[in-house]
Amino acid sequence: MRRWEVRKLGISQPLSFRTSQFLVNVLCVLCVLCGELIHYKMNIEKRGFWSWFLQRITALLLVMGMSVHFFTFHFSPGRYASRYYDEIIHRFCSPGWIAFHLCLLALVVFHGLNGLWGILVDFNLSKRTNYFLRQALWFTGFVLFGVGIYILIWFATRNNSGF
Amino acid sequence: MNIQKLKEGFEDLIKNRNPGMLSFWIHRVTGVAVTVFLFLHIFTLSSVFRGKDAYDYAISKFDTTSGYIFQYVLLLAVAVHLLNGIRITVVDFWGLTRIQKKLLWISLLVFLVIAAVGVKTVLL
């Protein structure tokens, strides 16, 4: 769909796909640089740092992302509050919204499962159980993320007339 | 041994009457609850693979009275977790451990505002 067609439908297009991609790349690089700098300055033990650090970074990003998601999809009066099929299809014509939801999905899955990992670490389990649970969480994360992406692609590739 | 640890954890919660301990437990419980909801959310959205009608039917389950109450509880859980998480992140990165209690009261105040606004936008 062309940009003028999206504007004609009256759908808000927060960012173009290229801009979103570029911003995400810049953000990732900044996170890695910040993490390495904090790691170097604090001179701390290697294990568990990235889990701790990324949990906070994803939390801060999720504050903004979830506010937008909740306002536009769940708790706002008016036409944007609708979650039914036709309205979702209209909204996912915009690559900006698709990119936004892709990033949101990755952040939520990582933050949630990393949080579960943090709880499990507190139980001081054996090395073998730790290893098994860690692999299970990674697997669950990939499956959730994969299903989520598939759903997004499904919505994005449907046309306005539905099935 | 793990059940023992859970028991000790609950005993800590009851005996250690400290707002920090309560906020720690609420943060954990809401975090686990919202993660479980994530699974339900993706499962609900995956009904789109069975067709438009199946998807609209699944979404219509959230447009009932119990659905609105469920969404309101979800809003409260996310708000609590979000505000407490901001407090924890601010304390971690800026070392503001001395004013943790003040930050907790501020986040409680913001939570009450969100809860009040949520009554209007979700329940009514």
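Analyst: Two residues are taken to be in contact if their C-beta atoms, placed from the backbone, lie within 7 Å. Helices (H or I, at least four residues) and strands (E, at least two) are DSSP runs, numbered from the N terminus. The model is predicted, so that local features need pLDDT of at least 70 and side-chain atom pairs count only at pLDDT 80 or more, while totals for chains, interfaces and linings use all residues. Residues are numbered from 1 along each chain as its sequence is written, and chains are lettered from A and ligands numbered from 1 in the order in which they are written.

The part examined here is the pairing of α2(B) with α4(B). From α2(B), the residues B:S23, B:I26, B:H27, B:T30, B:G31, B:A33, B:V34 and B:F37 meet B:L74, B:A77, B:V78, B:V80, B:H81 and B:N84 of α4(B). Sorted by class, this contact holds eight nonpolar, six polar and no charged residues; Ala, Val, Leu, Ile, Met, Phe, Trp, Tyr, Cys and Pro count as nonpolar, Asp, Glu, Lys and Arg as charged, and the others, Gly among them, as polar.

The axes of α2(B) and α4(B) are 9 Å apart, and the packing angle is about 130°. Such axes are lines fitted to C-alpha atoms, for helices over the stretch in contact, and angles run from 0 to 180 degrees between N-to-C directions. The two helices, α2(B) and α4(B), are therefore oblique to each other. Angles under 35 degrees count as roughly parallel, over 145 as roughly antiparallel, 65 to 115 as roughly perpendicular and the rest as oblique. The crossing of α2(B) with α4(B) is left-handed, the term for a near helix turned anticlockwise from the far one by less than a right angle, with right-handed used if clockwise.

The surrounding chain comes next. Chain B contains five helices and zero strands, in the order α-α-α-α-α from the N terminus on. Its radius of gyration is 18 Å, well over the 14 Å that the globule rule gives for 124 residues, so chain B is more spread out than a compact globule. That radius is taken over C-alpha atoms, and the globule rule is 2.2 Å times the number of residues to the power 0.38. Along the principal axes, the C-alpha atoms of chain B fill a box of roughly 55 × 40 × 25 Å. Of the contacts in chain B with a separation of 6 or more, 61% link residues 24 or more positions apart.

Among the 124 residues of chain B, 16% count as buried, that is, with 20 or more other C-beta atoms within 10 Å of their own; 12 or fewer make a residue exposed, and counts in between partly exposed. B:K101, which lies in helix α5 of chain B, counts as exposed, with 12 C-beta neighbours inside 10 Å.

Finally, α4(B) also takes part in the contact between the chains. This contact takes 27 residues from chain B and 25 residues from chain A. On the side of chain B that touches chain A, the largest share, eight residues, comes from α4(B). By class, the residues on that side of chain B divide into 12 nonpolar, 10 polar and five charged.
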